[in-house]
Amino acid sequence: MERFQSKKSSYRIQYCVFDVIYYNGDKVTNLPLIERKELLESFLVPTPEVVLVQWMYGNGEAYR
């Protein structure tokens with residue numbers, strides 16, 4: 001939080017959210033990852049400072 005509030009740097013920072021551990025006080029790590037990502041999308045409101053990491057079902061193309 002100190003870095004978010006600092007005026008010492010001209011560089012903006014972003015908090016990249018890719019998973020959710022608790023929702024409404026309940027631990028949700030027992031849910032499959034895809035369900036947690038869908039849950040996260042249902043309530044996270046992206047801003048310039050907070051972004052939702054993009055994801056896809058299945059496997060992406062492998063890098064070589």
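Which residues does Arg36 touch, not counting those up to four places away in sequence? Keep that in mind. One caution before we look: this is a predicted model.

Arg36 is part of helix 2, which covers residues 33-43. Now the contacts. Outside its sequence neighbours up to four places away, Arg36 touches Asp19, Val20, Val28, Thr29 and Leu31. Is Arg36 buried or exposed? Its relative accessibility is 11%. The cut-off for buried is under 20%, so Arg36 counts as buried.

Next, Lys37. Lys37 also has its place in helix 2. Lys37 is buried, yet it has no salt bridge. Which side chain of opposite charge is nearest to Lys37? That is Asp19, 6.0 Å away. A salt bridge needs the side-chain nitrogen within 4 Å of a carboxyl oxygen.

What does the Lys37 side chain have by it, then? One of its polar atoms lies 2.8 Å from the backbone oxygen of Phe18. Phe18 turns up in the contacts as well. Leaving aside neighbours within four places in sequence, Lys37 is in contact with Phe18 and Trp55.

Last stop, Asn24. Where is Asn24 found? Look in the loop between strand 2, residues 22-23, and strand 3, residues 26-27. Phi of Asn24 is near 50°. That is a positive value, in a residue other than glycine. Is Asn24 buried or exposed? Its relative accessible area is 65%. Exposed means over 50%, so Asn24 is exposed.

To recap: Arg36 is buried, Lys37 is buried without a salt bridge, and Asn24 is exposed.

Methods. Residues numbered from 1 in each chain as written. Predicted model: local features only at pLDDT ≥ 70, side-chain atom pairs only at ≥ 80, totals over all residues. Heavy atoms only, no water. Helix = DSSP H or I, 4+ residues; strand = E, 2+ residues; numbered from the N terminus. Buried < 20%, exposed > 50% of the residue type's maximum accessible area, 1.4 Å probe, protein only. Contact = heavy atoms within 4.5 Å. Lys, Arg positive; Asp, Glu negative; His and termini not counted. Polar contact = N/O pair within 3.5 Å; in protein donor to acceptor, adjacent residues only side chain to side chain.
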